[in-house]
Amino acid sequence: MKTKLGLLYGGKSAEHQVSLQTALAVIRALDLEKFEIHPIYINVEGEWIKGPQLSAPVENVKALEFSNANPLSPLSLAPALFQAEQQEAAPLDVIFPLLHGPNGEDGTVQGLLELLNLPYVGNGVLASAAGMDKVMMKNVFAQAGLAQVDYVAFIKSEWAKAKEEAYAKVEENLGYPCFVKPANLGSSVGISKCTNRAELDTAFVEAFQFDRKVIVEEGVTAREIEIAVLGNDEPECSVTGEIVPKKDFYDYKAKYEDGDTALIIPADVTEEEYECLKEMAIQAFKALDCSGLVRADFFLTRDGKALINEVNTMPGFTPFSMFPLLWKHTGVEYPQLIERLVNLAKERHAEKQNIKYTF
């Protein structure tokens with residue numbers, strides 16, 4: 001029997017278009033002999049729209065937006081959203097949340113799927129929430145003893161009341177250059193590199209457009225190395241990849257629009273460096289209680305010291321995305337990767353069903 005796979009994509013976040021590109025890539029890669037594809041689109045207003053079952057790959061993202069369909073409420077009509085057509089009593093077998101950013105990658109949708117008791121691909125509520133919030137993530141990494149760059153964080157209200165004190169704290173603890181980022185956003189949205197206080201002020205204004213909390217990280221001279229992790233209780237690592245941006249850093253445009261970045265796979269690292277990166281990636285995966293998949297991002301300094309930057313609990317699957325490319329070079333092709341993720345989702349769900357609650 002085919003697996004009834006629900007693809008959940010779009011979302012009310014700054015990464016809406018990224019999610020559409022991810023959904024398009026996944027649909028094109030799915031084996032229609034093995035999967036029924038049931039699209040569930042969340043538009044920019046946050047309305048949920050269930051599209052018709054797909055019988056063939058779609059040509060572009062416009063075909064995935066279903067602008068003429070009637071929106072549904074995920075609160076009152078959640079069961080209908082996650083049922084296969086013509087089988088009103090049968091829920092979908094697995095949900096694949098292809099959502100990036102707030103209200104998708106941060107544990108909110110994962111919580112809904114947990115309440116509906118549906119298997120879903122990827123990380124659970126805790127790992128998704130902690131992985132989305134860069135401050136909480138770095139706090140967990142610090143507790144786990146993982147080496148990372150120095151950082152400070154601010155919420156918008158405290159910054160608005162004492163901007164000069166905030167900037168002085170950055171300069172005292174980190175110096176320049178430094179990077180200002182929205183705490184709860186990915187895909188390099190709202191990130192700025194700062195070399196002086198004027199740039200720092202502009203960067204804070206920019207970052208606070210996307211979140212109420214920002215994180216400022218120390219700038220380091222290092223290579224950007226990434227490694228993909230796949231699994232549940234026994235995670236495996238891919239080969240490493242290196243990002244060599246032609247610009248100052250790996251921004252949104254370079255990542256998703258013009259591909260103005262060199263991706264070197266496998267990265268030129270020593271066996272000792274690879275083993276260190278792999279060990280740290282798995283340690284980070286377990287520290288956050290991850291499941292399914294993550295992409296772990298590192299800085300590798302000139303003297304070979306590895307610093308974990310962050311993990312992405314829902315890495316993109318676009319043509320420019322590192323996660324599927326890393327696994328391809330490890331020997332796992334895109335369709336196989338999707339199948340493994342679906343099987344990992346079923347495995348984790350089955351394990352949860354065996355937990356007995358007594359009252």
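In what order do the four strands of the open sheet run? Let's start there. This is a predicted model, by the way, so keep that in mind as we go through. The order is 3-2-1-4, and the pairing is mixed. Strand 3, residues 48-50, and strand 4 sit at the edges, each with a single partner strand, so one side of each has no neighbour in the sheet. Going from one strand to the next, the twist averages 25 degrees.

Okay, let's walk across the pairs. Strand 2 and strand 3 run antiparallel, paired over three bridges. If you want to find that on screen, look for Ile42 and its bridge partner in strand 3, Trp48. Strand 1 and strand 4, on the other hand, pair in the parallel sense, over five bridges. There you can look for Leu5, which stands opposite Val94 of strand 4.

Helix 1 covers residues 16-29 and helix 12 covers residues 334-353; their axes come within 9 Å and cross at roughly 100 degrees. The two helices are therefore roughly perpendicular to each other. On the helix 1 side, the contact is made by Ala25, Val26 and Ala29, and on the helix 12 side by Tyr334, Pro335 and Ile338. What kinds of residues are those? Six nonpolar, no polar and no charged.

Next up, the nonpolar cores. The largest one has 43 residues, and the ones with the most contacts inside it are Leu7, Tyr9, Phe96 and Phe317. Let's zoom in on Tyr9. Leaving out residues up to four places away in sequence, Tyr9 touches quite a list, including Ser19, Leu20 and Ala23, then Pro39, Ile40, Tyr41 and Ile42, and also Leu64, Phe66, Leu98 and Leu99. Apart from this core there's another, of 26 residues, with Ala284, Cys290, Leu300 and Ala306 among them.

Asn309 is in strand 13, residues 306-312. Asn309 is buried, with a relative accessible area of 10%. Not counting residues up to four places away in sequence, Asn309 touches Lys138, Lys181, Glu217, Asp297, Phe298 and Phe299.

The other one, Asn184, is in the loop between strand 6, residues 178-182, and strand 7, residues 192-194. So, buried or exposed? Buried, with a relative accessible area of 18%. Beyond its neighbours within four places in sequence, Asn184 is in contact with Pro102, Met132, Asp133, Asp211 and Lys213. Take Asp133 there: Asn184 and Asp133 are 51 residues apart in sequence, yet 4.7 Å apart in space, C-alpha to C-alpha.

That's my tour, thanks!

Conventions: Residues are numbered from 1 along each chain as its sequence is written. This is a predicted model: local features need pLDDT of at least 70, side-chain atom pairs count only at pLDDT 80 or more; totals for chains, interfaces and linings use all residues. Side-chain values use heavy atoms; hydrogens and water are left out. Axes are lines fitted to C-alpha atoms, for helices over the stretch in contact, and angles run from 0 to 180 degrees between N-to-C directions. Angles under 35 degrees count as roughly parallel, over 145 as roughly antiparallel, 65 to 115 as roughly perpendicular and the rest as oblique. Contact means heavy atoms within 4.5 Å. Ala, Val, Leu, Ile, Met, Phe, Trp, Tyr, Cys and Pro count as nonpolar, Asp, Glu, Lys and Arg as charged, and the others, Gly among them, as polar. A nonpolar core is a set of buried Ala, Val, Leu, Ile, Met, Phe, Trp, Tyr and Cys residues joined through side-chain atoms within 4.5 Å. Buried means under 20% relative accessible area, exposed over 50%, partly exposed in between (1.4 Å probe, protein chains only). Two strands pair if DSSP finds at least two bridges between them.
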